[in-house]
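Welcome, and please open the structure in your viewer. We will walk through it one selection at a time.

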Amino acid sequence: MALELYSHPFSSYCQKATMALYENNTPFTLKLLDQAAPENFPVFAGLWPIKRFPLLRDGDRSVMESSIIIEHLQIHHPGPVRLIPTDADQALEARFMDRFFDNYVSTPQGRIVFNAIRKPEDRDPVGVEEARALLETAYAWLEARMTDRQWAIGDQFTLADCSAAPALFYADWTHPIGEQFKHVRAYRSRLNARPSFARCIEEARPYRGYFPLGAPDQD
């Protein structure tokens, strides 16, 4: 049975999982979670009542959470690009960097965006200030780390870079990566040019009107 991915092209976590599929040209069927395909929502909710996407359907098995989806693909549908390194220490570093981008870039970025969606009387300016401060700290930490690296753990493209690409893409829209973070900005540019993510960027382009802060023109 073909793989099915319940996903939306504009979602950062969906892009993360989709990148892994594109990296190895792994065949799959997109089950679009959008008003254009309402029939997919009840099926998705039946598979995963938490209703957080993406979700990968592999035969009778449902795999939730983007990091776990990538691990599942590595185990059950491996390809020429190994996204989880064979070396145990490198694998740990890839998993750590994956958590860094999810927890300290994507999460505060999302906090700012979701705040903008709320009614004015329900907004949390203190929470937004905290999120922006965390992003600045994350950018500074990453700047020092990327001084002599091509990808998140070195020369090998991994799970961590699948996490980094959408995280930094949307973070720069939300809280711009300053000129002082030249290595982070260069890393983001390399990720944007990676064919697997460039494809995700183009697939998401029609949905840019969804971005509540206004999508910039530079990407």
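Start by selecting Y13, K16, A17, A20 and L21 in helix 1, together with S66, S67, I69, I70 and L73 in helix 3: these are the residues through which the two helices meet. Keep in mind as you look around that this is a predicted model. Sorted by class, this contact has seven nonpolar, two polar and one charged residues.

The axes of helix 1 and helix 3 come within 9 Å and cross at roughly 10°. With that angle, helix 1 is roughly parallel to helix 3, because angles under 35 degrees count as such.

**Next stop: the cavity**

The volume of the largest cavity is about 70 Å³. Helix 3, residues 66-76, gives the most to its lining, with three residues. If you colour the lining by class, you will find six nonpolar residues, five polar ones and no charged ones.

Select S11, S12, Y13, F53 and F114. Of the 33 residues that line the largest pocket, these are the closest to its centre. The pocket holds about 1100 Å³ of space. To see what surrounds this space, show helix 1 (12-23), helix 2 (40-47), helix 3 and helix 4, the elements that each give two or more residues to the lining. Which element gives the largest share? It is helix 4, with eleven residues. By class, the pocket lining has 14 nonpolar, eleven polar and eight charged residues.

**Next stop: a loop with two backbone details**

The peptide bond from F53 to P54 is cis, with omega near 15°. P54 is found in the loop between helix 2 and strand 3, which spans 55-58. Now select K51, which lies in the loop between helix 2 and strand 3. What is the phi of K51? It is positive, at about 60°, although K51 is not a glycine.

**Next stop: helix 4 and helix 5**

Show residues 88-117 as helix 4 and residues 125-145 as helix 5; their axes come within 9 Å and cross at roughly 150°. Helix 4 and helix 5 are therefore roughly antiparallel to each other, since the cut-off for that description is an angle over 145 degrees. Their crossing is left-handed.

- On helix 4, select E93, F96, M97, F100, F101, Y104, V105, P108, Q109, R111, I112 and N115.
- On helix 5, select G127, V128, E130, A131, R132, L134, L135, A138, W141, L142 and R145.

The residues of this contact divide into 15 nonpolar, three polar and five charged.

**Last stop: helix 5 and helix 6**

Is the crossing of helix 5 and helix 6 left-handed or right-handed? The crossing is left-handed.

Finish by selecting R132, L135, Y139 and L142 in helix 5, which meet L168, A171, D172 and T174 in helix 6. The residues of this contact divide into five nonpolar, one polar and two charged.

Definitions and conventions:
Residues are numbered from 1 along each chain as its sequence is written. This is a predicted model: local features need pLDDT of at least 70, side-chain atom pairs count only at pLDDT 80 or more; totals for chains, interfaces and linings use all residues. Side-chain values use heavy atoms; hydrogens and water are left out. Axes are lines fitted to C-alpha atoms, for helices over the stretch in contact, and angles run from 0 to 180 degrees between N-to-C directions. Helices (H or I, at least four residues) and strands (E, at least two) are DSSP runs, numbered from the N terminus. Angles under 35 degrees count as roughly parallel, over 145 as roughly antiparallel, 65 to 115 as roughly perpendicular and the rest as oblique. A crossing is left-handed if the near helix is turned anticlockwise from the far one by less than a right angle, and right-handed if clockwise. Contact means heavy atoms within 4.5 Å. Ala, Val, Leu, Ile, Met, Phe, Trp, Tyr, Cys and Pro count as nonpolar, Asp, Glu, Lys and Arg as charged, and the others, Gly among them, as polar. On a 1 Å grid over the protein atoms alone, a cavity is a set of points where a 1.4 Å probe fits but cannot get out, and a pocket is an open set with protein on both sides within 12 Å along at least five of seven lines; lining residues have an atom within 4 Å of a point. Grid points are joined across faces, edges and corners, and a volume is the space filled by probe spheres set on the points.
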